[in-house]
Amino acid sequence: METGKVIVEKVRGKSTVTKSFSKYPLKFIIPRKVGSSETDAVWIYTITYGGGIVSGDSIVCDITVGDGCTTVLTTQASTKVYKAVGTKISEQVFEARIGSNAFLAVIPDPVTCFSTAKYTQKQVFKVMSDSSLLLVDWITSGRHERGEKWDFDLYRSTNDIFHNGDEPLFLDTILLEQGTCAGIAERMQDYQVIAMVILLGPKLKHVQNQIQEDVKKIMSQSLHMPTIGSRQSSSRHNDHHLSKPSFLASCSIFGPKGIGVVTRIAAMTTESVYNFLQHQLSSMEPLLGIRPYSQASQ
């Protein structure tokens, strides 16, 4: 049963919310305008009553972005998932349809699962050949100030993109679950954040090119090995093995003619991922009105 639904359509040449419905535990905040008055973009903030997702909550949300419209779906803070009560699992299901020449940006703050939390989310996107999609999906290790690091019981996030109705374009699931042999924290080692960024469609081609080049540079610097015989080669070689990169990233293309790029990230700090997102997505300000993950968007 739906707990939220939004339809964005062109009205007198402008992207406009023509239908908005939400009920407990979900609420939408839709400001009249975000950023420049010349920008044609609808911003939608999702919030939950009580400041987080309670054990057993089920949120089902549906959004339609009409032809030629631009819509941003975001949050005002991290999505907190509270401790599980018994075997209850919290879940979110989100489905979006993106019309011809339309653009949807899903740019939330990270999910933060409390100790023992059980959480699953599934996001389905149905796109046309000229639709554009920006999706950021990420999770932190938990409440560091309370000593919680990867202390939740279950986290599963599924992101599926279908082209022209039902043709699979991108299918992905990440599963983090406490095991009998090794816990999540042991497997994640020193990394406190994992993230995935999807850039799809013609309106994001320039961002796709930039992020691929930047990731190459970042990783070549992080993993650079000195040439044999160079000065201080021995000491640097030893240092390389003693320390691991604090920020890891990789890029790969998907879809026909490489229309999509997925970037995967593992980092030791949340701040480093915020900085990466701010830098890589800054060129989208003309499309969205403000820069994603800037203070103005919070």
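Okay, some ground rules before we look around. Residues are numbered from 1 along each chain as its sequence is written, and side-chain values use heavy atoms, with hydrogens and water left out. The model is predicted, so local features need pLDDT of at least 70 and side-chain atom pairs count only at pLDDT 80 or more, while totals for chains, interfaces and linings use all residues.

Let's start with the empty space. Rolling a probe the size of a water molecule over the atoms shows where such space is left. On a 1 Å grid over the protein atoms alone, a pocket is an open set of points where a 1.4 Å probe fits, with protein on both sides within 12 Å along at least five of seven lines, and its lining residues have an atom within 4 Å of a point. The largest pocket here has a volume of about 550 Å³; volume is the space filled by probe spheres set on the points, and points are joined across faces, edges and corners.

Who lines that pocket? There are 32 residues, and the ones nearest its centre are Thr-46, Thr-75, Thr-79, Gln-92 and Pro-108. Elements giving two or more residues to this lining include β4 (42-48), β8 (90-98), β11 (118-127) and β12 (132-140). By the way, strands are DSSP runs of E, at least two residues, and helices are runs of H or I, at least four, numbered from the N terminus. β12 gives the largest share of the lining, 4 residues. By type, the lining splits into 17 nonpolar, 12 polar and 3 charged. In that count Ala, Val, Leu, Ile, Met, Phe, Trp, Tyr, Cys and Pro are nonpolar, Asp, Glu, Lys and Arg are charged, and the others, Gly among them, are polar.

While we're on β11, have a look at Thr-120, which sits in that strand. Thr-120 is buried at 11% relative accessible area; buried means under 20%, exposed over 50%, and partly exposed in between, with a 1.4 Å probe and protein chains only. Leaving out residues up to four places away in sequence, Thr-120 touches Ile-89, Ser-90, Glu-91, Gln-92, Leu-154 and Arg-156, where contact means heavy atoms within 4.5 Å.

Now the cores. In soluble globular proteins, nonpolar side chains tend to be buried together. A nonpolar core is a set of buried Ala, Val, Leu, Ile, Met, Phe, Trp, Tyr and Cys residues joined through side-chain atoms within 4.5 Å. The largest one has 46 residues, and Cys-113, Phe-125, Phe-152, Ile-161 and Ile-198 touch the most other members. Apart from it there's another core of 33 residues, among them Trp-43, Val-193, Ala-267 and Val-273. Back at Phe-152, its contacts beyond four places in sequence include Cys-113, Ile-139, Leu-176 and Ile-184.

That brings us to cysteines. How many disulfides does the structure hold? The count is 0, a disulfide being a pair of cysteine sulfur atoms within 2.5 Å. For Cys-61, the nearest cysteine sulfur is that of Cys-69, 17 Å away.

Next, a couple of loops. Among the residues Gln-192 touches are His-144, Trp-150, Ala-267 and Met-268. Lys-83, in the loop between β7 and β8, counts as partly exposed at 45%. Even so, Lys-83 touches residues including Ser-55, Phe-114, Arg-143 and Glu-148.

Last stop, the backbone. The peptide bond from Tyr-24 to Pro-25 is cis, with omega near 5°, and Pro-25 lies in the loop between β2 (14-22) and β3. Asn-101 isn't a glycine, yet has a positive phi of about 60°; you'll find Asn-101 in the loop between β8 and β9 (103-107), partly exposed at 40%. Tyr-293 has a positive phi too, about 65°, in the segment after α5 (285-288), but Tyr-293 is buried at 4%.
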